[in-house]
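This briefing goes through one protein model by topic.

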Amino acid sequence: MNNGKNNQRMPGPGGRPGGGPMGARMNAEKPKNAGKTVKRLLSYIGKSKILLIFLLLIMLCVTVIDLLGPLFQQKAIDTFYEENGRITVDFSSLKFYLVVMATIFALNAVLYFVQGIISAKLSQETVFIMRNDLFRKISKLPIKYTDTHKHGDIMSRMTNDVENVSNAVSQSITMLISSVITLIGAFSMMIYYSWQITIVAVITIPISISVSTKLAKFMRKYFIRQQQILGKINGEVEEMVTSYKTVVAYGKEPETVNRFSSVSDDLRKNSISARVWGSIMGPVMNFLGNFQYVLIASAGGFMMLRHIGGITIGSIQAMLQYSKKFTHPINQIANQYSSILTALAGAERIFEIMDSSEETDNGKHDIDIGKIKGEIEFKNVNFSYIEGKPIIKNLNLKVEPGKKIAIVGATG
């Protein structure tokens with residue numbers, strides 16, 4: 001305790017302003033319930049109902065038009081047929097189908113453009129509401145929270161994590177909805193052409209599901225850890241910048257640089273692992289898709305040569321196209337899985353702050369101004385940032401009128 005005119009700021013735990021045991025706690029954090037996080041995230045998306053409904057309608061139109069492509073391709077191919085040992089072409093039908101295909105492809109391109117605009121608006125509306133709720137929550141957090149969590153980590157949740165959620169809403173979530181519609185439509189068209197070839201095509205589905213599930217479970221821990229370390233590294237930078245004078249005054253530059261380098265190296269190693277395992281799923285799923293392609297072509301050729309099920313060259317081509325449309329959404333989900341994991345990890349960290357207890361202010365009451373003497377006295381004051389680790393024990397302090405009292409920590 002020091003009487004005088006110099007005012008000092010009370011350091012946080014560990015002698016660092018605004019510091020705390022966040023680094024140790026980060027290593028102990030575990031992933032939250034992914035299902036609960038998705039449900040809560042969807043509730044934010046649902047707040048923009050008009051945009052969401054319009055987007056779903058556009059996506060439905062895009063998917064239906066996309067599924068019509070192979071159908072008209074089949075009809076155009078089958079205008080070529082053999083008659084009396086010669087190849088004959090029905091040019092009027094061929095011209096009609098080509099015009100129809102050109103029209104639906106042009107319409108599909110326009111609708112894709114409109115879908116992108118609506119997705120961007122929905123994304124920004126969602127994160128606008130989420131960011132405001134998060135900032136409002138931070139303004140009501142108790143001092144204990146900001147003293148036991150690094151400021152850079154809190155800022156990271158407001159910036160990096162919210163941005164990851166924005167990317168997921170504008171890209172990954174719309175892709176997921178479109179993929180589900182495409183899967184149902186493509187499967188229905190495959191059944192329409194040949195249930196026998198459809199059975200051959202779905203052989204690879206259980207394998208795909210098993211591989212993607214196991215890889216996803218293995219990858220998730222790396223993306224959760226990546227977001228945690230990113231918050232920690234932001235905290236180190238924020239501390240260094242805001243406490244630069246103190247660091248220089250005590251000659252702590254080498255120690256600070258070494259600490260930052262250690263965290264940065266940890267982020268580098270974890271990010272490499274996350275990206276490697278995140279990118280491996282796409283090639284694996286592509287291999288399974290190509291294997292399915294070979295099975296369908298072989299089965300279709302066999303059935304056509306044996307005149308089974310009325311299979312034609314055009315219908316084989318259609319089945320190959322629909323099989324691609326059936327497996328492509330699965331590959332898309334696999335390729336986007338790393339982005340989805342990152343977004344879910346960020347959403348968990350955002351909701352963690354939103355679920356924190358707010359500051360309870362019970363100290364407001366009327367004061368009789370006429371009785372103020374400028375004398376303040378504390379009796380038996382106890383204080384701690386963390387329960388069970390007291391910082392101040394039974395403090396008795398009396399401040400005389402006109403005096404200034406500074407309370408400093410171990411570092412001075």
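**Overview**

Of the contacts in the protein between residues at least 6 apart in sequence, 82% link residues at least 24 apart. The model is predicted. Its secondary structure consists of 11 helices and 6 strands.

**Burial and surface**

- The protein has 412 residues, and 39% of them are buried.
- Its accessible surface is about 24000 Å².
- Carbon and sulfur atoms account for 61% of that surface.

**Helix pair α3 and α6**

- Two packed helices are described by the angle between their axes and the distance between the axes.
- Helix α3 covers residues 49-77 and helix α6 covers residues 151-193; their axes come within 10 Å.
- The crossing angle of the two axes is roughly 30 degrees, and the crossing of α3 and α6 is right-handed.
- On the α3 side, the contact is made by L55, L56, M59, L60, T63, L67, L71 and Q74.
- Sorted by class, the contact of α3 with α6 comprises 11 nonpolar and 6 polar residues, with no charged ones.

**Nonpolar cores**

- In soluble globular proteins, nonpolar side chains tend to be buried together.
- The largest nonpolar core has 35 residues.
- Within this core, M130, L134, V165, I350, F351 and M354 touch the most other members.
- Two or more residues of this core come from each of α2 (34-45), α3, α4 (91-138), α6 and α11 (313-354).
- Helix α4 gives the largest share of this core, 12 residues.
- Leaving aside residues up to four places away in sequence, M354 touches R40, Y44, M130, D133, L134 and K137.

**Residue Q292**

- Which helix holds Q292? Q292 lies in α10, which spans residues 253-305.
- Is Q292 buried or exposed? The relative accessible area of Q292 is 1%, so this residue counts as buried, the cut-off being under 20%.
- Apart from residues up to four places away in sequence, Q292 touches A201, V202, T204, I205, S323, F326 and T327.

Notes: Residues are numbered from 1 along each chain as its sequence is written. This is a predicted model: local features need pLDDT of at least 70, side-chain atom pairs count only at pLDDT 80 or more; totals for chains, interfaces and linings use all residues. Side-chain values use heavy atoms; hydrogens and water are left out. Helices (H or I, at least four residues) and strands (E, at least two) are DSSP runs, numbered from the N terminus. Buried means under 20% relative accessible area, exposed over 50%, partly exposed in between (1.4 Å probe, protein chains only). Contact means heavy atoms within 4.5 Å. Accessible areas come from the Shrake-Rupley method with a 1.4 Å probe; for residues, only the protein chains shown count as cover. Axes are lines fitted to C-alpha atoms, for helices over the stretch in contact, and angles run from 0 to 180 degrees between N-to-C directions. A crossing is left-handed if the near helix is turned anticlockwise from the far one by less than a right angle, and right-handed if clockwise. Ala, Val, Leu, Ile, Met, Phe, Trp, Tyr, Cys and Pro count as nonpolar, Asp, Glu, Lys and Arg as charged, and the others, Gly among them, as polar. A nonpolar core is a set of buried Ala, Val, Leu, Ile, Met, Phe, Trp, Tyr and Cys residues joined through side-chain atoms within 4.5 Å.
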